[in-house]
Amino acid sequence: MSFKYQAFPGMEDILPGEVEKWQWVEEKARSLFSAKRFREIRTPLLEPTELFSRAIGETTDIVHKEMYTFQDRGERYMTLRPEMTASVARAVAEHGLLKTSPNLALFYIGPMFRAERPQAGRKRQFHQIGAELVNVPDRDPSQGAQGGDLTILLLINAFLRSVGISRLKFRINDLSLINGENGAQVRARIRDYFESHKAKLDPDSLYRLDKNVLRIFDSKVPGTKALADALPWNDVAPPSGHFLELIGKLSDAGMTVEQDPKLVRGLDYYTGVVFEAASASLGAQDALAGGGRYDRLYAEIGAPSVPCTGFSIGMERLLMVLEKNTPSLTEQMKDCRVYLIPIGEGPGSPEAAYLEEAALSLRGLGFLPEMAKPSLKLGDQLKRAAKAEVRYVVMAGEKELREGLYQVKNMDLNEQKEVKRGELFYHLTQQQGKTLV
Ligand code: HAM
């Protein structure tokens with residue numbers, strides 16, 4: 001009889017062997033964001049449904065079609081979070097975090113839920129790494145010349161580069177034109193345009209024409225897409241000098257940036273610069289990350305209004321890109337994978353304890369140490385290490401323990417060195433020729 005239980009489609013187990021890749025990426029994010037003074041926040045997976053419908057917008061696909069919503073035993077409507085920006089805003093407001101700090105730089109890593117049709121790069125339970133700058137306007141004197149938008153775009157670029165992604169393209173748009181102070185006029189011009197081509201619109205887009213004209217740009221229907229492509233943007237919403245200046249600064253920083261007036265993003269809360277990062281290796285689901293400025297979300301959920309910007313990166317898509325990347329993920333991870341072999345009497349031996357202590361400090365420093373299985377011969381252990389694709393093997397026997405040393409073998413160079421107990425981390429990072437961050 002076959003086993004009858006399976007994970008729900010689009011909700012996947014992350015098994016040993018795979019999970020190390022997740023840990024590697026998460027560690028890179030934690031190190032970089034902490035170095036840039038972003039602090040981690042964690043919020044519940046379940047929130048009141050109304051938080052998301054207010055923050056993200058009733059007419060968005062996420063709220064309209066994709067939320068996992070149910071009534072709990074107290075008949076309250078609850079939703080599994082489809083994203084984190086609304087939850088972070090709720091938490092900041094609920095705990096009055098802005099009373100003790102004028103602005104906040106926060107990051108998060110965790111699962112999100114959207115009832116989409118599962119396919120490669122599109123899951124029902126997926127994971128995001130994200131960051132939010134709270135109460136940081138676009139042009140902020142306290143950040144020097146660098147406003148929040150530039151800070152957040154440089155951060156996402158720095159992170160994606162730190163995990164080795166190089167062929168990145170950013171699409172960017174300025175929604176302050178259509179969602180800002182004069183937005184009503186601009187939206188009216190967009191509505192007039194689609195109204196005059198009403199006969200060519202699909203039924204979903206006709207509904208959006210009445211309810212929220214910008215959502216027409218989300219349409220995947222070819223006829224509607226062609227209409228959206230043909231909209232004369234320079235007449236309807238010409239870019240501001242400030243926006244063009246931002247694009248210039250991003251290009252100066254070496255980023256590939258393409259201005260895309262149709263980029264409206266699938267969430268209603270955006271009010272300013274929005275962006276998506278894409279990678280050539282993702283195919284149809286090519287948005288690796290997205291984000292932008294949202295200056296009215298806090299007011300929308302009944303909190304004091306503060307200007308904010310942020311981004312979220314999809315972990316599954318990031319890992320898909322990394323698998324096809326050069327250098328490959330396995331190659332990159334080699335640098336922080338360490339295999340530890342006690343040359344002694346098995347699990348309870350003083351040598352094993354000595355190496356377990358080293359493994360513990362290496363893990364704290366961002367390495368991924370793995371203790372060798374006891375009871376194998378040294379030759380077999382080294383064969384295993386070669387198979388596990390690790391760059392370094394750390395060994396200790398009775399002599400090393402007595403003298404406070406390790407034998408460190410670089411598997412690629414087939415070189416072995418004696419390293420003093422306090423210098424293991426220094427030695428491993430020196431060999432890489434770089435620090436781990
Ligand atoms: P989003 O564009 O909805 O933005 O999602 C960000 C990223 O999450 C996407 O680019 C994609 O990589 C990943 N993602 C979204 N849906 C799925 C899915 N079903 N399966 C796999 N990956 C997915 C947000 O969520 C905003 N909270 C971003 C933001 C932060 N804006 C301001 N601050």
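Which strand supplies the largest share of the shell around the ligand? The views below take up this question in a predicted model.

**View 1. Strands supply part of the shell around the ligand.** Strand S10 gives the largest share, with 6 residues. S10 covers residues 287–293. Strand S6 (125–134) and strand S11 (308–314) also take part.

**View 2. The shell around the ligand holds 27 residues.** Among them, Glu-83, Glu-116, Lys-123, Arg-265 and Tyr-270 come nearest to the ligand. By residue class, the shell divides into 10 nonpolar, 9 polar and 8 charged.

**View 3. Tyr-270 reaches the ligand through its side chain.** Here a polar side-chain atom of Tyr-270 lies 2.6 Å from a nitrogen atom of the ligand. Tyr-270 is also one of the residues that come nearest to the ligand.

**View 4. Backbone atoms of Ala-289 and Gly-314 lie by oxygen atoms of the ligand.** For Ala-289, a backbone N or O atom is 3.3 Å from an oxygen atom of the ligand. For Gly-314, a backbone N or O atom is likewise 3.3 Å from a ligand oxygen atom. How much of the ligand does the protein bury? Taken alone, the ligand exposes 660 Å², and the protein buries 96% of that.

**View 5. Helix H2 packs with helix H4.** H2 spans residues 49–56, and H4 spans residues 85–94. Their axes are 9 Å apart. The packing angle is about 110°. An angle from 65 to 115 degrees counts as roughly perpendicular, so H2 and H4 are roughly perpendicular to each other. H2 passes H4 in a right-handed crossing.

**View 6. Helix H5 crosses helix H11.** H5 runs over residues 148–162, and H11 over residues 241–252. The two axes come within 11 Å and cross at roughly 30°. Angles under 35 degrees count as roughly parallel, so H5 is roughly parallel to H11. What is the hand of the crossing of H5 and H11? The crossing is right-handed.

Terms used: Residues numbered from 1 in each chain as written. Predicted model: local features only at pLDDT ≥ 70, side-chain atom pairs only at ≥ 80, totals over all residues. Heavy atoms only, no water. Near = heavy atom within 4 Å. Polar contact = N/O pair within 3.5 Å; in protein donor to acceptor, adjacent residues only side chain to side chain. Areas by Shrake-Rupley, 256 points an atom, 1.4 Å probe, with all protein chains shown as cover. Helix = DSSP H or I, 4+ residues; strand = E, 2+ residues; numbered from the N terminus. Nonpolar A, V, L, I, M, F, W, Y, C, P; charged D, E, K, R; others polar. Axes fitted to C-alpha atoms, helices over the stretch in contact; angles between N-to-C directions. Parallel < 35°, antiparallel > 145°, perpendicular 65-115°, else oblique. Left-handed = near helix turned anticlockwise from the far one by under 90°.
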